[in-house]
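Biologist: Please take a close look at one helix pair in this model. Then set it in its surroundings.

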Amino acid sequence: MIVATTVDEVRRTVRAWKREGLTVGLVPTMGYLHEGHASLVDAAVAACDRVVASDFVNPTQFGPGEDLESYPRDFDHDCALLEEHGCSMVFHPSVDEMYPDGGGKTDTYVEILNDMPKQLCGKTRPIHFRGVCTVVSKLFNIVTPDKAFFGQKDAQQLAVIRKMVRDMSYGIEIVGCPIVREEDGLAKSSRNTYLSDEEREAALVLSKAVFLGQKLVEDGETDATKIVAAMTDLIQAEPLARIDYVEAVDGLTMAPVTTVEPPVLFAMAVYIGTTRLIDNFLVEA
């Protein structure tokens, strides 16, 4: 596996691959990889001739007081996992390589100006999706992939990226991959490492709320507000949980909905202690 740290090295390598007629997949990550990331790499390896994974904690998507400095990092572990799963190249740039103006800042951003990035996570993280769109746009320009792979756990991010790709005519296929869970149901997340043993047990309330919501839909409930209320009640019964949001939204636009008319996304963000975790499920046609 190639370990690249510069934009030029990635571009030279990808150009050589494409001269051979090979297809290229991209898996953008912020590192500290787990089985969820591995599933994205597996999907990319199955669909493309060569796979590039980025390993970069992107400063422009973190707001003041968020966990940019403490975000977990273990590049050696990441490389071992990527190589084991057949990744062709990992792009591990410095902050200055990605943002040459210095200080992890830029004068140029890519931003969706409608209400989509203002919903759900955007209500309390107002600059987050501007940073996501900017760094993903840069990665698309650097790697020029045929396909890019993102996890359904970050459902709002996936919807935002899909809209950006349509609006900007990137011509890249965006592939959404299913949520990967622990055996007890907790969605895989790099931030799970922040949890104490007690908090780890309490965090199961998120997946329990997901499974409750799914059961209500399967049983024929069509009032999204009732499903949200039931999920909210379950979470609020956990003393260590503090809800940021539990909402039902259109799965494409992120606009709030009151009835279950596919595609509907039931999404949540919940603090367990000081750790903010997200989870969701999508009701499709």
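At what angle do the axes of helix H8 (residues 204-218) and helix H9 (residues 224-236) cross, and within what distance do they come?

Modeller: The model is predicted, so local features need pLDDT of at least 70 and side-chain atom pairs count only at pLDDT 80 or more, while totals for chains, interfaces and linings use all residues. Residues are numbered from 1 along each chain as its sequence is written, and side-chain values use heavy atoms, without hydrogens or water.

The axes of H8 and H9 cross at roughly 155 degrees and come within 9 Å. H8 is therefore roughly antiparallel to H9. Axes are lines fitted to C-alpha atoms, for helices over the stretch in contact, with angles from 0 to 180 degrees between N-to-C directions. Angles under 35 degrees are roughly parallel, over 145 roughly antiparallel, 65 to 115 roughly perpendicular, and the rest oblique. Helices are DSSP runs (H or I, at least four residues), as are strands (E, at least two), numbered from the N terminus.

H8 passes H9 in a right-handed crossing. From H8, the contact (heavy atoms within 4.5 Å) takes in Val205, Lys208, Ala209, Val210, Leu212, Gly213, Leu216 and Val217. H9 supplies Ile227, Ala230, Met231, Leu234 and Ile235. By class, the contact of H8 with H9 holds 11 nonpolar residues, one polar and one charged. Here Ala, Val, Leu, Ile, Met, Phe, Trp, Tyr, Cys and Pro are nonpolar, Asp, Glu, Lys and Arg are charged, and the others, Gly among them, are polar.

Now a second pair. H5 and H6 pack at an angle of about 55 degrees, with axes 10 Å apart. They are therefore oblique to each other. H5 passes H6 in a right-handed crossing. Phe129, Val132, Cys133, Val136, Ser137 and Phe140 in H5 meet Gln156, Gln157, Val160, Ile161, Met164 and Val165 in H6. The residues of this contact divide into nine nonpolar, three polar and no charged.

Next, the cores. A nonpolar core is a set of buried Ala, Val, Leu, Ile, Met, Phe, Trp, Tyr and Cys residues joined through side-chain atoms within 4.5 Å. Buried is under 20% relative accessible area, exposed is over 50%, and partly exposed is in between (1.4 Å probe, protein chains only). The largest core has 45 residues, and Phe91, Phe140, Ile161 and Ile174 have the most contacts inside it. Elements giving two or more residues to this core include helix H5 (128-143) and helix H6 (155-168). H5 gives the most, with nine residues. A second, separate core of 27 residues includes Val217, Val270, Leu277 and Val283.

Ile174 touches Phe140, Ala148, Phe150, Leu158, Ile161, Arg162 and Val165, leaving out residues up to four places away in sequence.

Cys121 lies in the loop between helix H4 (95-98) and H5. At 8% relative accessible area, Cys121 is buried. Beyond its neighbours within four places in sequence, Cys121 is in contact with Phe129, Gln156, Tyr245, Arg276 and Ile278.

Last, some backbone checks. Most residues other than glycine have a negative phi, and most peptide bonds are trans. Met254 has a positive phi of about 70 degrees although it is not a glycine. Met254 is in the loop between E7 and E8 and counts as buried at 0% relative accessibility. Pro263 is also found in the loop between E7 and E8. The peptide bond from Pro262 to Pro263 is cis, with omega near -5 degrees.

Definitions and conventions: A crossing is left-handed if the near helix is turned anticlockwise from the far one by less than a right angle, and right-handed if clockwise.
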